[in-house]
Structure formats: structure tokens, C-alpha cells
Amino acid sequence: MTETVLALKGLTTGYGQAPVVRDVDLTIDRGEILAVVGKNGMGKTTLLKSIMGYLPKFSGTVSLSGQSVSDGKPHQIARLGVAYIPQEKALFQDLTVEENIRLALRGSADWSEARDTISRCFPFLLDRLRQKAGTLSGGEQKMLLMTRSLAVGAKVLLIDEISEGLQPSVISNLVKIIQAERDRLGLAVLLVEQNLSFTCAVSDKYVLLDKGEISGSGNTQDPDTHAKILAHISL
């Protein structure tokens, strides 16, 4: 029996008084990876920020495992097991790799589990624990953001354009890590992307976002998925 972890119903959100995302319905089950695909300016990042509580919801609801979080603040939603990995560099640049991870943990007792996560997913960071986060490359900082989210025991990952600027070999490894952690922890993952190959490789399902509205959806393993998404982002 499937367990719906994240559910949006009629969600309309935006900035100030201007709606950017309109009347969005979607659900993500435990262990499912859903990709939101669209060109720049279509509302993908706005959608994630609203789920996380950074933007107001003009109408509609957001629920986590049946519990409404429509009025929740970011720190409250994070405590319920949602981790947001933004497109921009959201690290303390002058703190070390270890300090950035420890700040996200609930207590020192979690550090051993965090080290296990680092060793399993991004072992190169074990040699960089005392290095300042700001001296890491852009791709390495994204891996640190991912590590931090996994280390806190998140149930839901919201991932914004993580493949942007990464080398193909790194993207391929990232697909394996996200899917392995999904399988190990039963994560529900909502990611927004423009990278067609990454989207099809990592996700189970997709929705197309066009001017803030869902214009299509499907399973990424369907034979015509590649062509449908390519046509959408090429318009």
C-alpha cells in the first residue's frame, strides 16, 4: 500500500500580490522521485519555496503525511522532515565543511551518523572537513548541501536544479546516490530540472510546468517521455 508523503491541492503562490504558480495539484509517495520540468521563469523554484514556507500560499493546501503545513514557517516544516536544497549557494562560506553539517544536526550524538552519510555518499568530503565551505568548487558545494540534507534524516527532499554546471560523470554518480538513498530511507523526492538526461535517469514520474500551471505529466520510463519533455522545454 502506497503512503502519500507530500500532497499539494490547488496551490497558488507567488510574490507580493502576483501569482506565479496557479492551482497546482500533485502528490508524492514514500520512495518516489517526481521531477518538475520547465523552462526558466515557469515557476519551478517558486513552487519549492512555497512548499518550504518561504512564500505565502494565496490559496490551496500543502500536506505532509496528511498533516496540513500550509501556514507553516520554514523552520517548522524542516522539523517535520523536509529538506530544501536550493539552486543558489546556501552555505556558511566562512565555516568549515564539518561546521556547516553540524549546524544542521540536532545534537552532537548525530555526528557519527553524519559521518556515515558522508562516507557512503560523498567520501571525498571526509578529507575536506576542516576546509572552509567557500573554498570548495561549485559542484562540491552542491554535494555538501546534499550531504547536509541527508544527514539530518529528512523524509522529503526538495531539490532545485542540482545538476546545473556539473560534469556528466558527477551527474551520473548523483543519480546513483539519490536513488540509493531513496531506496535505503524511503525518501520522497521532488526535484525541479531542465536537464533532460538527468530527469529521465533519476526520476520515476514527471510533471510539465508551463507559466505556473501543470500542462502534462507521465512516467519517465515511458518510451515517448524523452520526446515529450524535449518538445516542452524547446518551445
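Among contacts in the chain between residues at least 6 apart in sequence, 67% join residues at least 24 apart, where contact means heavy atoms within 4.5 Å. The model is predicted: local features need pLDDT of at least 70 and side-chain atom pairs count only at pLDDT 80 or more, while totals for chains, interfaces and linings use all residues. Residues are numbered from 1 along each chain as its sequence is written, and side-chain values use heavy atoms, with hydrogens and water left out.

**Overall dimensions**

The chain has eight helices and 10 strands; these are DSSP runs numbered from the N terminus, with helices being H or I of at least four residues and strands E of at least two. Because a compact globule of 235 residues would have a radius of gyration near 18 Å, the 17 Å of the chain agrees with that expectation. The radius is taken over C-alpha atoms, and the globule rule is 2.2 Å times the number of residues to the power 0.38. Along the principal axes, the C-alpha atoms fill a box of roughly 45 × 40 × 40 Å. Of the 235 residues, 49% count as buried; buried means under 20% relative accessible area, exposed over 50% and partly exposed in between, with a 1.4 Å probe and protein chains only.

**Helix packing**

Two helix pairs are set out below. Axes are lines fitted to C-alpha atoms, for helices over the stretch in contact, and angles run from 0 to 180 degrees between N-to-C directions.

| Helix pair | Axes come within | Crossing angle |
|---|---|---|
| α3 (residues 97-104) and α4 (residues 111-121) | 11 Å | roughly 125° |
| α4 and α5 (residues 138-151) | 9 Å | roughly 135° |

The angle between α3 and α4 makes α3 oblique to α4. Angles under 35 degrees count as roughly parallel, over 145 as roughly antiparallel, 65 to 115 as roughly perpendicular and the rest as oblique. In this pair, Glu-98, Ile-101 and Arg-102 of α3 meet Trp-111, Ala-114 and Ile-118 of α4. By class, this contact has four nonpolar, no polar and two charged residues. Here Ala, Val, Leu, Ile, Met, Phe, Trp, Tyr, Cys and Pro count as nonpolar, Asp, Glu, Lys and Arg as charged, and the others, Gly among them, as polar.

Helices α4 and α5 are likewise oblique to each other. From α4, Ala-114, Thr-117, Ile-118 and Cys-121 meet Thr-147, Leu-150 and Ala-151 of α5. The contact of α4 with α5 divides into five nonpolar, two polar and no charged residues.

Arg-128 lies in the loop between α4 and α5 and, at 24% relative accessibility, counts as partly exposed. Not counting residues up to four places away in sequence, Arg-128 touches Val-97, Leu-136 and Glu-140. Val-97 is 31 residues from Arg-128 along the chain, yet their C-alpha atoms are separated by 6.6 Å.

Asp-160 is placed in strand β7 (residues 156-160) and counts as buried at 1% relative accessibility. Leaving aside neighbours within four places in sequence, Asp-160 is in contact with Thr-45, Leu-48, Tyr-84, Ile-85, Pro-86, Gln-87 and Val-192. The C-alpha atoms of Asp-160 and Ile-33, 127 residues apart along the chain, are separated by 13 Å.

Helix α1 (residues 44-51) is mostly covered, with six of its eight residues buried. The buried positions in α1 are Lys-44, Thr-46, Leu-47, Leu-48, Ser-50 and Ile-51. Just after α1, Gly-53 takes a positive phi of about 95°.
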